[in-house]
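Please read it alongside the structure shown next.

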Amino acid sequence: MDNLWYKNAVIYELSIKAFKDSSSDGKGDIPGLISKLDYLCWLGINCIWMLPIYPSPGLDDGYDISDYYSIDPAYGTMDDFKELIAQAHLRGIRIIGELVLNHTSDRHPWFLDAKKGPESEYHNYYVWSDTYKKYEDARIIFSDTERSNWTWCDECGKYYWHRFFSSQPDLNFENEKVREEMKRVFRFWFELGLDGFRVDAVPYLFEREGTDCENLPETHQYIRELRKIIDEEYPDRILLAEANQWPEDLIKYFGDGDEFHMAFNFPLMPRIFMAFQKENSEPIINIIKQIPDIPSNCQWAVFLRNHDELTLEMCTDEERDDMYNLYAKDKRMQINMGIRRRLNPLLDNDRRKVELAYALLFTLPGTPVIYYGDEIGMGDNIYLGDRNGVRTPMQWNEDRNAGFSDSKPSMLYSPVIIDPEYNYNAVNVEAQVSSPSSLLSFIKRLINKSKSHMVFGNGYIDFIETNNKKILAYIRFDNEEKALCVFNLSSKAEAVKLDLQEYTGLTPVELLGGSAFPVIPENENYIITLSHHSFLIFMLEQRDNS
């Protein structure tokens, strides 16, 4: 098994709860996911990123964990999990789960015991203070709901520290017992066959007075310890970082190739939407040029949307206001410092814009991550609380409950989408599988074509200067292949002159259709015209054109 498999993966993010219900209780489960593995295999997915399946009170959709060593009974049993791993691996699909290092639920037995005070062996598993004045330079992340990073505990007579909700007390990573406990969690799931972890909320593990309590050297040291375990004991497993930081801090999570294998490219994601908004290629070009090169054994995870809000933390105030004005005019679409919408509603359900966004996703440097349901253009429900509007049941067909569950509709963990534009009767897998013109069929072709060319996962990027800022053009290249990618970000047809003299004599062959375009001439620009919100991806080939 190639230990660099993650460089050419296509990752599909899903929530067990939202994917498929096999027990008719209104909530998805592991057997339900197993029943849909053939669909993911058909689509071309070779890695599933699965949201938390641990026991949890569910106040933060499973990220408030009350037991790291078992599975929420609503989702299935440990035997179900083992069967999922086995069946996925039989199909060439790897599975990565969630490692929530930073915090537990306030109902975790550790915290319940810790509240008894210093006499508890778990008291120092958490961060306590007699005052809420400590670490005042640390920002409040969930500023919509939390007024402080400290919450008073009556039972203990102290404040406890939390970077997220007050129901999620932070673990104390200064305590060696905590560090070792989380290594045991790590090994436990790897021994069961899990292929990797997306590590939640990485920058916040340690605290130190006089700092913003983010990205501290101790955090990087601990991640290096986890990586050493992988390299020595589980060499084909991976760690994927959730570190929503500016490029200069984000890049450090790769270390010297001895920390994370992968990291989400948070700075890039909102700038894809800015480029659409401004009809200008510069937001994408500028941010990628700001990001330093990463070690050769590391990889970006590139995404358009996920289970959280479209975060705007890594934006200037002016950029954030522009994004709100265009993409979240209704205040209910805003949460924390972001926008809680799915991809299709963000892009006005405009098929051309959506396809253009996916073409960028699959050709920019990194491994593409698709959020469940976005491949069929699912809508959202901004009237559901928190970020639940983008976490509604998967729409499989036009039957009751969108084919997600046989339960009574009132039993569903969340209502299915019934608004006219995104109604599950029209927007579902079954309706799109057999239609060659559907969004699902387009994404399947894009996945399979891109997977057949290693340059997209492994190659470098070289932006091409153009005479038209509405056109984004770049070359992806490695030692074997060269690809020319051209995107029209404008709502109108545009022409562009490209200086391709370095590639004189090569023939551009369009990736999706296989059509050969005119040979790149010597001593003159290559002129391409694109209709509105369209793209062309070419493999540059040496052909005998005599």
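How many bridges join E18 to strand E20 (residues 526–530), and in which sense do the two run, parallel or antiparallel? Five bridges join E18 to E20, and the two strands run antiparallel. This is a predicted model, in which local features need pLDDT of at least 70 and side-chain atom pairs count only at pLDDT 80 or more, while totals for chains, interfaces and linings use all residues. Residues are numbered from 1 along each chain as its sequence is written, and side-chain values use heavy atoms, with hydrogens and water left out.

**Strands and sheets**

- Helices (H or I, at least four residues) and strands (E, at least two) are DSSP runs numbered from the N terminus, and two strands pair if DSSP finds at least two bridges between them.
- Strand E18 (residues 494–498) has a covered face made of Glu494, Val496 and Leu498, and its uncovered face holds Ala495 and Lys497.
- Leu498 of the covered face stands opposite Tyr526 in E20.
- On strand E8 (residues 238–241), Ile238 and Leu240 point one way and Leu239 and Ala241 the other, and all are buried (under 20% relative accessible area, with exposed over 50% and partly exposed in between; 1.4 Å probe, protein chains only).
- Strand E7 (residues 196–200) runs parallel to E8 and is joined to E8 by four bridges.
- The chain passes from E7 through helix H7 (residues 217–233) to E8 in a right-handed β-α-β crossover (with the strands pointing away from the viewer, the path from the first strand over the helix to the second runs clockwise).
- Within the pairing of these strands, Arg198 stands opposite Leu240.
- E8 also pairs with strand E9 (residues 262–264), in the parallel sense and over two bridges; here Ala241 stands opposite Ala263.
- An open sheet of three strands has the order E11-E13-E12 with antiparallel pairing; its edge strands, E11 (310–311) and E12 (334–335), each pair on one side only.
- Two bridges link E12 and strand E13 (residues 338–339), with Gln334 opposite Ile339.

**Nonpolar cores**

- A nonpolar core is a set of buried Ala, Val, Leu, Ile, Met, Phe, Trp, Tyr and Cys residues joined through side-chain atoms within 4.5 Å.
- The largest nonpolar core has 154 residues, of which Tyr12 and Tyr358 touch the most other members.
- Helix H13 (residues 351–363) gives the most to this core, with eight residues.
- Another core, of 18 residues, lies apart from it and includes Leu484, Tyr526, Leu536 and Phe538.

**Pockets**

- On a 1 Å grid over the protein atoms alone, a cavity is a set of points where a 1.4 Å probe fits but cannot get out, and a pocket is an open set with protein on both sides within 12 Å along at least five of seven lines; lining residues have an atom within 4 Å of a point.
- Grid points are joined across faces, edges and corners, and a volume is the space filled by probe spheres set on the points.
- The largest pocket has a volume of about 580 Å³.
- Its lining has 24 residues, and Asp293, Ile294, Pro365, Gly459 and Tyr460 lie nearest its centre.
- Strand E15 gives the most to this lining, with three residues.
- By class, the lining has 12 nonpolar, seven polar and five charged residues (Ala, Val, Leu, Ile, Met, Phe, Trp, Tyr, Cys and Pro count as nonpolar, Asp, Glu, Lys and Arg as charged, and the others, Gly among them, as polar).
- The second largest pocket holds about 210 Å³ of space; of its 16 lining residues, Leu326, Tyr327, Leu346, Asp348 and Lys353 are the closest to its centre.

**Cavities**

- The whole structure has five cavities of 30 Å³ or more.
- The largest cavity holds about 390 Å³ of space, and among its 28 lining residues Phe142, Phe164, Glu242, Asp308 and Arg387 lie nearest its centre.
- That lining divides into 12 nonpolar, seven polar and nine charged residues.
- The second largest cavity has a volume of about 110 Å³, and H13 is one of the elements that supply at least two residues of its lining.

- Most residues other than glycine have a negative phi.
- Ser24 has a positive phi of about 60 degrees and is partly exposed, at 32% relative accessible area.
- Cys213, in the loop between E7 and H7, also has a positive phi, near 60 degrees, but counts as buried at 1% relative accessibility.
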